[in-house]
Every structure is written in structure tokens, then in C-alpha cells.
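Please go through the structure below chain by chain, and then look at what joins the chains. The account that follows is meant to be read with the coordinates open.

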Amino acid sequence: MMDSFQPIKQSNATEEVLEQLKESILRGKIKEGEKLPSERELSNVFNVSRGVVREAIQGLKATGFVEIKQGPLGGAFVKPINLGLLESGFTDLFFANKLTLAEILDVRLHIEPEIARLAALNVNDEYRNQLEIALANENQAYDSPDDLLNKLTAVHFILAKMCGNRLFEGMISAIISLNHRIIKTLLEELLKGHGTGEHDEIVQAVIAGDSEAAQKAMARHASDYRSVFLKLEKSEDWLWISK
Amino acid sequence: MYDFKPIDKSYAAEDVFNQLKQAILSGDLKKEDKLPSERELSKLFNVSRNVVREAIRGLQASVFIDIKCGPFGGAFVRENSGNLLESGISALYISNKLTISEVGKVRQFIEPQIARLATLNVNDDYRRRLEIALEQENQPVASIDDYMQKLTAVHLILAQMCDNEIFKTMLSALISLTHQIIKDLPPAQVYSLHRAGEHDHIVASVVLGDPEGAEKSMKRHGNCFGEAFIKTGNASSDQSGRN
């Protein structure tokens, strides 16, 4: 009988504690918003050191299952398990420079028509209302690139919700959010690269009838603008800026 | 050496985690690189070795690194293959936020497109790999795991061929969840889910460079296996009372 025992590898203790805690969270034994037992209690229950417990909790935090609050009422609190979990998967891929904008757009091109088809099958008054409000908002003035993008993605998110398949909804919402982030960064950079007043000199020269100055001013502007674009295209930095 | 910054003590482990993660994502630390030792990291960040260990566990839990034991052991950077998406999808399924049918439908929808894109990139190397995978399917199987691995090989090669990292990541996450679900079924049921030769037409079309044919035969396969999977999976999760 003794030889059926498996020696305990200290390095697996953390993983085992992490798996058991994760299992309790996923099975709803510890619910959203609830606090995990203290480090000391957990270390008693699992019969492991507090260091092991702390490492396991750090692992849960890194994978998005708990958040740590500091202070006297602090501790590790269970986060909601929702479709947002899918987003970090894509974000990491993107920051690992493994995704191009083209790939993102290809996937959207393939999946979103299907989502629109499914959404139309599930339409009801509530959704009609939401869609109409989103459309009306698109025509309102916007106060920042972010605001504009929010207004323009609203319809896509509503359709995703309507499609009735939560996996489609979660994946496409994650991809749209990522897409949104990239575009936002691009827009901000472009706006930075094209300040107001850059046309002043050109227009003044034209109005004054100074053809040579107009030509020069426009050449300068075009060349500045071109270099902003080329810099953007080459730089990997713009991918990170909005982080 | 790595351009790390000093640490705010209250979030020390988190801060170390984030900086190491950033170094991996940005490619400063590459696949199979060994992280500096605990002792070195604790010097670099000016924190205790416990803090470093917590951060490393976080990286392990979010599948950025593997820990190897022994004299040549240490923390090694993994290929970041989108495992966070995999663990996210699996968590949603276990916590009843996704049904088998939702998972099955998404697979049925994206795989024909993957097969079509794969065909556009076919070359001799891929042809050979697909043919070997088909041959393997007809070899005797040693276990359920072995069986599932043999039957997934073609799908994974096609995912690689399609040259879109998002599709590839999605599909490997979905395949791994499919395995997880199927593994709990009685073996007789598992073996009856997937008939021999179901991939023949798909591979034939891909090898011939016929994207429409590949798409169509994958769709047929999806309807066949997919529906069986959804039906069997649902029946068994009703029985086991996953609710």
C-alpha cells in the first residue's frame, strides 16, 4: 500500500492549491464578490506554508479570477466570471506582436456577417430600441476620438449580444475592443502629427498670390505629414501607447 | 540589462509580475529563454526573494513560463500560444457560462473558413504533413488521448496553414475544450463520435488546392461530427447534472 503514495513535490503544491481554489470559484462555491479565506486559514486547510498560498493567490490574480484589495478590510475577492475573460487572451497575443491589423479585420469580416444574421433572428422590441438609440447617437457630435469610436462600435456590440451565442459574443467583443484600441492609438497619433494651424502658411501664401511660397509651404506640410505616417507605420511603439 | 524599474512595496509582486510579463511580450525575453535566477531578480528589482517567487508563480499560472526542476532547471519562457484564451473559455464552460452547443456552433462556423484559407497556402511540406496525419488516423490507438490526438492532427495543421493567428488561437482553444468535454464520456461513445475517413475529402481538396471543395467538405464534417458532439455532450452533461 505504501508504494501507491506519490511523493509531494514542493513545486506542485502551489499548483494544486491554485487548481483547488480555481475549481471552487468556477463551481460557484466561492461566489463573485466574496472574499477568499485568509492566507492563514488557507495555509491551515491545505497544510502548506503561507508562501505557497500567497503564490497560488498571485496566480489566480494573474489569470483574472480574483482581485486583491489592500487595507484592513482587504483580501482576495472573487471577480465576476464573464466573457471579459476572453479579452486578455487576444490582448496578450497582440502585445506579443503576433497579430496584425489585417488578421483582426479578416476575422471580423468572416464572423460579423454571421452575427448580424443570428441577431436578426433574435430581434425584439428591447433590442430594436437599443439599436435605434445607438444609431441616433452616431449622429451626435463627438468630443474625442474615444467618444467617436464608442459611438461607432455600439451597434456592433449590441448585435454581438443579440446573436444568442455567448462564445461568438465574447470573442467578437474582445476582438472589436482590441481593434478599437488600435484605431484609437492611431487616431491620437495622427491628430498629434497634424496639429491645427498647419495650413495657415499655405492659405496665406495662396491668398497673397505668392505662388512660390505656396508651393514651398505645401511641400513642407506634405513632407511633415508623410513622415508622421511613415514613422507610424514603422514604429512598433504606437501599439503600446494607449496602454 | 533589462531596464527594470524600482518597485513600490505595496504592489511589489504585481509590479515585478507586470515588468517581467512586459519583457516577455515585447520579446526582450524570448521563447525558451531562462529567466534570471530568483536571487538575481531580487537584486535587480530590489525586493525580497518571496516577492520574486510570487511574481514567478503568477507568470506560471498565466502560462508565460514553465518551471523546470533539477540542476538545469529554472523558469523558462513559453511560446505564448494564446493559452489565456484557452483557460478563459474553459473557465466559462466549467462555470456554466457557455453551453456545449454554443461551443460546437462556433467551431462549425469557423472551421470551413480555416480550411478554405489553408488551401490558399498549401505547399509540399504541408501536403506531406497532412498525408502523414491521415495515415496516422488509420493506425491502432493506444488510449482515448491518443485517439483524440490522432483525429485532431489534421485540424491543427489546417489551423497553422490558414496563417491567421486569431483563427489559429481560437481553434486550438476550442479543440482543447472539446477534448476536455469528450474525455469524460464513456470510451464506447467517444469512439463512435468520429467515423474513420471523415477527413479524407477535406485533405484531398486541400492537397489539390481547391478552396471551395475544402470549405464544403469541412462544413459537411462539422455537421456530422459537430452535431454528434453536441448531442452526446448535452446528454452526458444532463446526466452528470452540470448546472
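The model is a predicted one, and local features are described only where pLDDT is at least 70. Chain A has 11 helices and two strands, and from the N terminus on its elements run α-α-α-β-β-α-α-α-α-α-α-α-α. Chain B likewise comes to 11 helices and two strands, and when chain B is read along the sequence the pattern is α-α-α-β-β-α-α-α-α-α-α-α-α. The C-alpha trace of chain B spans about 60 × 50 × 30 Å along its principal axes.

In chain A, 25% of the 243 residues count as buried, while in chain B buried residues make up 41% of the 243 residues. Among the contacts of chain A between residues at least 6 apart in sequence, 62% join residues at least 24 apart; for chain B, residues 24 or more positions apart account for 69% of the contacts with a separation of 6 or more.

The contact between the chains takes 40 residues from chain A and 40 residues from chain B. On the side of chain A that touches chain B, the elements giving two or more residues are helix H1 (10-26), helix H3 (50-62), helix H4 (85-95), helix H5 (101-121) and helix H8 (166-193) of chain A. H4(A) gives the most to this side, with eight residues, and by class the side of chain A that touches chain B has 17 nonpolar, 14 polar and nine charged residues.

If residues up to four places away in sequence are not counted, Phe168(A) touches Ile111(A), Ile115(A), Ala160(A), Cys163(A) and Val106(B).

Within chain A, helix H6 (residues 125-138) and helix H7 (residues 145-162) pack at an angle of about 165 degrees, with their axes 8 Å apart. Angles over 145 degrees count as roughly antiparallel, and H6(A) and H7(A) are therefore roughly antiparallel to each other. H6(A) passes H7(A) in a left-handed crossing. Residues that make the contact include Tyr127(A), Leu131(A) and Leu135(A) of H6(A), together with Leu152(A), Val155(A) and Ile158(A) of H7(A); by class, this contact has nine nonpolar, two polar and two charged residues.

Finally, two loop residues of chain B deserve a look at their backbone. Most residues other than glycine have a negative phi. Glu32(B), however, has a positive phi of about 75 degrees although it is not a glycine, and Glu32(B) is found in the loop between helix H1 (12-25) and helix H2 (38-45) of chain B. Glu32(B) is exposed, because 10 other C-beta atoms lie within 10 Å and a residue with 12 or fewer counts as exposed. Asp163(B) also has a positive phi, near 65 degrees, and lies in the loop between helix H7 (144-161) and helix H8 (165-183) of chain B. With 15 C-beta neighbours inside 10 Å, Asp163(B) counts as partly exposed.

Terms used: Residues are numbered from 1 along each chain as its sequence is written. Chains are lettered from A and ligands numbered from 1 in the order in which they are written. This is a predicted model: local features need pLDDT of at least 70, side-chain atom pairs count only at pLDDT 80 or more; totals for chains, interfaces and linings use all residues. Helices (H or I, at least four residues) and strands (E, at least two) are DSSP runs, numbered from the N terminus. A residue is buried if 20 or more other C-beta atoms lie within 10 Å of its own, exposed if 12 or fewer, and partly exposed in between; C-beta atoms are placed from the backbone. Two residues are in contact if their C-beta atoms, placed from the backbone, lie within 7 Å. Ala, Val, Leu, Ile, Met, Phe, Trp, Tyr, Cys and Pro count as nonpolar, Asp, Glu, Lys and Arg as charged, and the others, Gly among them, as polar. Axes are lines fitted to C-alpha atoms, for helices over the stretch in contact, and angles run from 0 to 180 degrees between N-to-C directions. Angles under 35 degrees count as roughly parallel, over 145 as roughly antiparallel, 65 to 115 as roughly perpendicular and the rest as oblique. A crossing is left-handed if the near helix is turned anticlockwise from the far one by less than a right angle, and right-handed if clockwise.
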